[in-house]
Amino acid sequence: MGKIDLLEYFEKKDSTREEILKIAREIVRNCAMNIRHVQKMKKEEISFEVIDKLKKLEELTKEYYDFGKYLNLPQQEYVEFQIFYSIVFEDKYLEYHELEVEVKPENYVLGICDVVGELRRMILESIKNDDIKNAEKYYRFMEKIYDEIIRYDYYHVIEGLRKKQDICRGILEKTYGDLVTFVENLKLREELGKHRD
C-alpha cells in the first residue's frame, strides 16, 4: 500500500459527498417538477436534463464504494418520472432495459411502485372529465405495474418493497371501486338522457 495523506483523502471525500448531495437534490426536485408537468399535460415544459445529472452522479459515486447509497432516491425518482411520462405521452410502459439511464434493478422496482399513485391522479382527472377511455387506459397500466411488482418477494434485498407493494394494492383496489362507480354513473346518466329525448 502506497503512502497516503489521510487529511487530504478525507477532505476530497467530504467535498465529493457535498457535490453528490447537491446534484441528488437537484435531480429529485427536477423529477418532481417534471411529474407535475406530466400531470398538467404540459409536455413542452418538461426537462430531460436529469439524465445528464444522473450520469454525473453515478460517476461521482464510483470513486467511493460507500457513496452508492446516494444513487437510490434520485434513481427511483427518475424511474417514476420516465415511466409516468412514457405512459401518458407515448402509451407505453418502459421495461428496465428501455430506460435511457442505467439504474440499479432495486431502484427500478421501487420507482415503478410510485407510478401507481400518479396514475390514480390521472384516472381521477379523467373521471372528472367523463373521459372513460383514458380512465380505463390508465387503470390497465396500473394493473400491469402491480402485476410486475408482485412478482418480487425479495424483501431482504429490496428494502422498503413490501410497504410499497401494500400501498399499491390499496390504491389499485380503491381506484377499481372509483372506476366501477364512475361507469355505473355514466350508464345511468346515458339512460336518463334517452328518456328526456
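Is Asp-130 buried, exposed or partly exposed? Asp-130 is partly exposed, with a relative accessible area of 37%; buried means under 20% relative accessible area and exposed over 50%, with partly exposed in between (1.4 Å probe, protein chains only). The structure is a predicted model, in which local features need pLDDT of at least 70 and side-chain atom pairs count only at pLDDT 80 or more, while totals for chains, interfaces and linings use all residues. Residues are numbered from 1 along each chain as its sequence is written, and side-chain values use heavy atoms, with hydrogens and water left out.

Asp-130 sits in the loop between helix 4 and helix 5; helices (H or I, at least four residues) and strands (E, at least two) are DSSP runs, numbered from the N terminus. Its phi is positive, about 55°, although Asp-130 is not a glycine. Most residues other than glycine have a negative phi. Asp-91 also has a positive phi, near 55°. Asp-91 lies in the loop between helix 3 and helix 4 and counts as partly exposed at 48% relative accessibility.

Ile-87 touches Lys-92, Tyr-93, Val-115, Leu-119, Lys-137, Tyr-138, Phe-141 and Ile-145, not counting residues up to four places away in sequence; contact means heavy atoms within 4.5 Å.

Helix 5 has 18 residues and reaches 26 Å from its first C-alpha to its last, close to the 26 Å expected, where the expected span is 1.5 Å times one less than the number of residues. Its buried residues include Lys-137, Tyr-138, Phe-141, Met-142, Ile-145 and Ile-149. An α-helix has 3.6 residues a turn, so residues three or four places apart point the same way.

Met-41 is found in the loop between helix 1 and helix 2 and is partly exposed, with a relative accessible area of 43%. Met-41 touches Val-88, Phe-89 and Met-122, not counting residues up to four places away in sequence. Met-41 and Tyr-85 are 44 residues apart in sequence and 9.6 Å apart in space, C-alpha to C-alpha.

On a 1 Å grid over the protein atoms alone, a pocket is an open set of points where a 1.4 Å probe fits, with protein on both sides within 12 Å along at least five of seven lines, and lining residues have an atom within 4 Å of a point. Helix 4 supplies the largest share of this lining, three residues.

The largest pocket holds about 220 Å³ of space; grid points are joined across faces, edges and corners, and a volume is the space filled by probe spheres set on the points. Its lining includes Asn-72, Gln-76, Lys-104, Leu-110 and His-156. Helix 4 gives the largest share here, three residues.
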